[in-house]
Amino acid sequence: MQEHAPISEHEIGVVTHYWNHLGVAGVHLSGPIDIGAHIHVLGHTTDFEQNVGAMQIDHEEVQHAKAGDDVGIRVADHAREHDRIFKLVSDDVGGGEHAL
């Protein structure tokens, strides 16, 4: 039987705007994020997980964004202002963390 490493969540940002017609959340980042990262969007009535598939800064596609950046992230479900964004990481027994 295969054991799975424990998973932890690290808050990396907050939703500042949601464009319903685009399915895009505007997010102010407090931590770094990369395309392909597994995130959890959590708010009063919001609770979903997804992989980051598309991300933009000032209408330019980016692969990576850092703390302090304001990014647009295409989301799988409706996000709301003040929803918190968490990055899910696997707590590796070897001491490192790995994004899911």
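Which residues does Ile-33 touch, not counting residues up to four places away in sequence? I looked this up in a predicted model. Ile-33 touches Ile-12, Ile-39, Val-52, Met-55, Gln-63, His-64, Ala-65 and Lys-87.

Entry on the core. I took the largest nonpolar core, which has 20 residues. Ile-33 is listed with Val-27 and Met-55 as the members that touch the most other members. I then checked which elements give two or more residues to this core, and found strands S1 (7–19), S2 (24–29), S4 (38–42) and S9.

Entry on Val-15. I placed Val-15 in strand S1. Its relative accessible area is 2%, so I recorded Val-15 as buried. Leaving out residues up to four places away in sequence, I listed what Val-15 touches: Ala-25, Gly-26 and Val-27, then Ala-79, Arg-80, Glu-81, His-82, Asp-83 and Ile-85.

Entry on Asp-69. I found Asp-69 in the loop between strand S8 (64–65) and strand S9 (70–74). Is Asp-69 buried or exposed? Its relative accessibility is 15%, and buried means under 20%, so Asp-69 counts as buried. I traced its side chain to the backbone nitrogen of Lys-66, at 2.8 Å. With neighbours within four places in sequence set aside, I have Asp-69 in contact with Val-27, His-28, Leu-29 and Ile-57.

Terms used:
Residues numbered from 1 in each chain as written. Predicted model: local features only at pLDDT ≥ 70, side-chain atom pairs only at ≥ 80, totals over all residues. Heavy atoms only, no water. Helix = DSSP H or I, 4+ residues; strand = E, 2+ residues; numbered from the N terminus. Buried < 20%, exposed > 50% of the residue type's maximum accessible area, 1.4 Å probe, protein only. Polar contact = N/O pair within 3.5 Å; in protein donor to acceptor, adjacent residues only side chain to side chain. Contact = heavy atoms within 4.5 Å. Core = buried A, V, L, I, M, F, W, Y, C linked by side-chain atoms within 4.5 Å.
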